[in-house]
Amino acid sequence: MDKNIFGDIDNLPEEDKQRMSTMVKQLQTRDSLRLYNSLVEKCFNNCVSTFYRSALNRGEETCVLRCAEKYLRLSSQVGIKFSDINQGAPTTDKQ
């Protein structure tokens, strides 16, 4: 973490550290749920076109799997970039 932004966390009272930890966990959970919901919505809308069966057909299932893989890979790459930027490290493009 950048101490310029957060100050010296080690000097906070234990109660405040615990509160901050709880808030960070809540934000991480919220962001994970947003990612999951966004992934489901995008992949469903892009891949599922018929509602004649209760299960996906082979083409739809393949499409959803590919979509989810791409979405998660992109999300991971974006997270790495943001982490690099926040740490002041130079970013490296891997393609």
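These are my notebook entries on a predicted model.

**Overall make-up**

I began with the secondary structure. The protein has three helices and zero strands. Read from the N terminus, its elements run α-α-α. I then looked up burial: of the 95 residues in the protein, 8% are buried. The accessible surface comes to about 8,500 Å². Carbon and sulfur atoms account for 54% of that surface. For contacts, I took pairs of residues at least 6 apart in sequence. Of these, 31% join residues at least 24 apart.

**Glu60**

Next I turned to Glu60, which lies in helix α3, residues 58-87. Is Glu60 buried or exposed? I find Glu60 buried, yet without a salt bridge. The nearest side chain of opposite charge is that of Arg53, 7.0 Å away. Which side chain makes a polar contact with that of Glu60? I noted Thr50, at 3.4 Å. I also listed the contacts of Glu60, leaving aside neighbours within four places in sequence. They are Cys47, Val48, Ser49 and Thr50.

Last, I checked Tyr36, which sits in helix α2, residues 14-47. Its relative accessible area is 52%. Tyr36 therefore counts as exposed, since the cut-off is over 50%. Which residues make the nonpolar surface patch with Tyr36? I recorded Val40, Phe44 and Phe51. The patch made by these residues and Tyr36 covers about 440 Å².

Methods: Residues numbered from 1 in each chain as written. Predicted model: local features only at pLDDT ≥ 70, side-chain atom pairs only at ≥ 80, totals over all residues. Heavy atoms only, no water. Patch = residues over 30% accessible without salt bridge, like charges linked within 9 Å, V, L, I, M, F, W, Y side chains within 5 Å. Areas by Shrake-Rupley, 256 points an atom, 1.4 Å probe, with all protein chains shown as cover. Salt bridge = Lys/Arg side-chain N within 4 Å of Asp/Glu carboxyl O. Helix = DSSP H or I, 4+ residues; strand = E, 2+ residues; numbered from the N terminus. Buried < 20%, exposed > 50% of the residue type's maximum accessible area, 1.4 Å probe, protein only. Lys, Arg positive; Asp, Glu negative; His and termini not counted. Polar contact = N/O pair within 3.5 Å; in protein donor to acceptor, adjacent residues only side chain to side chain. Contact = heavy atoms within 4.5 Å.
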